[in-house]
There are 2 protein chains.
Amino acid sequence: MTDDENLDSNEAEARAVESRAEAFIGVREARRSEVAEDYVELIAELIHENGEARPVDIATRMGVTAPTVAKTLGRLARDGLITRAKYRSVFLTEEGRALAKECRHRHEIVLRFLLSLGLDPETAERDAEGIEHHVSERTLALFAAFSQRS
Amino acid sequence: MTDDENLDSNEAEARAVESRAEAFIGVREARRSEVAEDYVELIAELIHENGEARPVDIATRMGVTAPTVAKTLGRLARDGLITRAKYRSVFLTEEGRALAKECRHRHEIVLRFLLSLGLDPETAERDAEGIEHHVSERTLALFAAFSQRS
DNA sequence: GCAAAAAGTTAGCTTCGGCTAATAATCATC
DNA sequence: GATGATTATTAGCCGAAGCTAACTTTTTGC
C-alpha cells in the first residue's frame, strides 16, 4: 500500500466511523423525546374521546403509576407542551397539539404500513409504538407510498 | 343501549386499554436493552476488525466519552455479557457473543429491507440503528421475505 | 351535607446513561 | 529506561423515568 492509498483509506475509515457515531447520537436524541411524544399523543386521544385527559387515565393507558405521570406532566408543562392546574385535568398548548398531530400522523403511516405488509393488528400496534419514533421523513414517505399502492 | 351491551362495550374497552398499556410496557422493556445491544454488537465488530475492542474505540464509534463507556462496560460485565481486566481490552462472554450475533442478524435484515424499499444507504443505516430494537420476530420475518422477493 | 372512595400530589428512593475533572496506568519513542 | 502522549479509571455531578408510602383534595353516594 502506498502512502497515498493509506491516507485515503484512513480518511474513508474516519468518515465511516464518524457517520456511525452520528447515527448513534441521532438515536439517543430520538429517545429523549419518545416519552413526551407518547404522552402528548395519548393526551390528545383522551381529550378527543372523553373531553378531558385525567392523570389517572393517562396512567392506566401508559401502564405506569400516578406519581410517574405527575412527574412527567411536570416536564411536559415545563417544556410548554401542556397546561395544567392542581387537581385538574391536563390540556395541550398550541405546540402540544401540533406535536400530537404530527405523532398521530406518523403512527398511522407506520401502522398502516405494517398492516399492509401482512402483520396481524396486535403485533402491528405493538411494533408501530416502538418504530414510530425512529423513522426519518424519507422512510415515512416510502412507507406511505408502499401502503398506498398495495 | 341495554345493560348487556353496556357491559360488553366496557369490557371491550378495558381490553383495548390494557393491550395498549402492554404495548407501552413492551417498548419500555426494549428501550432498557437497547444500549447493551448496541455496545455488544459494536464490540463484536471491533474484535472482528481489529482483534480487540478498546474502550477508546468504543467511545469514538458510539459518539460518547470514555467515562460513559467505562460505566456502561461495568453494567455489561455485571450482566454477564463481557469480561474485562483493568486497563485491558474487552471480550464477549458466550452469552455476549450470542446476543451480538442476534443483533447483527436483526440489523442486517432491517437494513436490507430499508434499502430494498429504495432508501438511500446513509438514511437506511441511521434508521436501521433505531428501528432494529423495536421489531418483533414476526415483523422481522416479513421484512426478510420482502427483501428476498424484491 | 358528611363519610368513604377515588384521584392527585409530594417526598424520597432507585437505576440508567450522559457529562467533566482529576488521577492512574500503559505505551511509544528517544 | 525515562518521559511524554495516549488510554483507562474514578469520583462526582445531572436529568429522565420508574417506583412506594404518605398525604391532600375532590368526587360520589347515601
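So, B:Phe113 and B:Phe143 are both buried, meaning under 20% relative accessible area, with over 50% called exposed and partly exposed in between, using a 1.4 Å probe and protein chains only. Housekeeping: this is a predicted model, where local features need pLDDT of at least 70, side-chain atom pairs count only at pLDDT 80 or more, and totals for chains, interfaces and linings use all residues. Residues are numbered from 1 along each chain as its sequence is written, chains are lettered from A and ligands numbered from 1 in the order written, and side-chain values use heavy atoms, leaving out hydrogens and water.

Back to the rings. In chain A, A:Phe113 is buried at 0% relative accessibility, and A:Phe143 is buried at 2%. The B:Phe113 and B:Phe143 ring centres sit 3.8 Å apart with planes at 5°, so that pair is stacked; rings of Phe, Tyr and Trp (its six-membered ring) pair with centres within 6.5 Å, and planes under 30 degrees apart are stacked, over 60 edge-to-face, the rest tilted. B:Phe113 is in helix α4 and B:Phe143 in helix α6 of chain B, 30 residues apart; helices are DSSP runs (H or I, at least four residues) numbered from the N terminus. Both of those residues belong to one aromatic cluster, which also includes A:Phe146 and B:Phe146.

Terms used: Helix = DSSP H or I, 4+ residues; strand = E, 2+ residues; numbered from the N terminus.
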